[in-house]
Amino acid sequence: TVSGGGGYAGGRGRIAVYYENTFSGNFTPYYLQKQDTPDSLLLDDFESGDLSQWSSSVTDNGDLSASPASDYLGSYGLQAVLNDSNDLYVEDDTPQDETEYRARFYVNPAGVTMGSGDVLDLFDGYNDTTHVLGVQMQQVGDVYQIRGGILDNGTTWHYTGWYALTDGWNAVELSYQALVDDGAITLWLNGVSQQSLSRVDNDTRTL
């Protein structure tokens, strides 16, 4: 189950997905914009009760929906019912060759059962049709874990370590840069920086 709302985040650069009005965690506030230029690319708290804010979506006959059962703040959140291997996603086509990109979303994996070795893609970023950025989840025993990854100019993925989610809702934030010899990703979990990867040659992997 993934959910969000509109509000505060932490850092500089462009925002890709921007969630939550009154999150009470440890994020540094005020990264609504850089200097005097509004920089939000997409904001959706699902309070419309549908997925109309997104460029497109694949719901697999309603398995993905804006649902009161998944609200985190407000009346609605994004609920994903995982009962088969079919894709479920919402897609935003707003970014245009972004070299800097920042996103935040909230996830509560309650009720998800994953087999040993299974990996679930929670968040994906693309350069045209090439997958270049991602956040993944796995289950080890009773613990859910996430990691971030970026693709270099070749075919090599660079991943952070796996970090445990707490029970209930978790705030996930990532910062991405596509640069010559200095591309980077930083992963935050519940307001705490978990790991940064840098010195990745990925300037052709803009979003």
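Which residue lies over the face of tyrosine 159? That would be arginine 147, sitting 3.7 Å from the ring centre. Keep in mind that this is a predicted model.

**Around tyrosine 159**

How accessible are the two partners? Tryptophan 157 is partly exposed, at a relative accessible area of 25%, and tyrosine 159 is partly exposed too, at 33%.

**The other rings**

Zooming out, there are six aromatic pairs in the structure. One of them brings together phenylalanine 105 and phenylalanine 123, which are stacked at 5.8 Å centre to centre with 5° between the planes. This pair ties together distant parts of the chain: phenylalanine 105 belongs to strand S9 (residues 100-107) and phenylalanine 123 to strand S10 (residues 120-127), 18 residues apart. Phenylalanine 105 counts as buried because its relative accessibility is 4%, under the 20% cut-off. Phenylalanine 123 is likewise buried, with a relative accessible area of 11%.

Rings also gather elsewhere: Tyr72, Tyr106 and Trp169 are linked into a cluster by ring pairs.

**A serine in a loop**

Serine 70 is in the loop that runs between strand S6 (64-67) and strand S7 (77-80). Is serine 70 buried or exposed? It's buried, with a relative accessible area of 1%. Its side chain makes a polar contact with the side chain of glutamine 79, at 3.4 Å.

As for where they are, aspartate 181 is found in the loop between strand S15 (170-177) and strand S16 (183-189), while arginine 199 is part of strand S17 (residues 192-200). Arginine 199 counts as exposed because its relative accessibility is 65%, over the 50% cut-off. Aspartate 181 is partly exposed at 45%.

Here are some of the accessibility values side by side:

| Residue | Relative accessible area | Class |
|---|---|---|
| Serine 70 | 1% | buried |
| Phenylalanine 105 | 4% | buried |
| Phenylalanine 123 | 11% | buried |
| Tryptophan 157 | 25% | partly exposed |
| Tyrosine 159 | 33% | partly exposed |
| Aspartate 181 | 45% | partly exposed |
| Arginine 199 | 65% | exposed |

Definitions and conventions: Residues are numbered from 1 along each chain as its sequence is written. This is a predicted model: local features need pLDDT of at least 70, side-chain atom pairs count only at pLDDT 80 or more; totals for chains, interfaces and linings use all residues. Side-chain values use heavy atoms; hydrogens and water are left out. Rings of Phe, Tyr and Trp (its six-membered ring) pair if their centres lie within 6.5 Å; planes under 30 degrees apart count as stacked, over 60 as edge-to-face and the rest as tilted. Helices (H or I, at least four residues) and strands (E, at least two) are DSSP runs, numbered from the N terminus. Buried means under 20% relative accessible area, exposed over 50%, partly exposed in between (1.4 Å probe, protein chains only). A charge sits over a ring if NZ of Lys or CZ of Arg is within 6 Å of the ring centre and within 35 degrees of the ring normal. A polar contact is a pair of N or O atoms within 3.5 Å; within protein, one must be able to donate a hydrogen and the other to accept it, and residues adjacent in sequence count only if both atoms are side-chain atoms.
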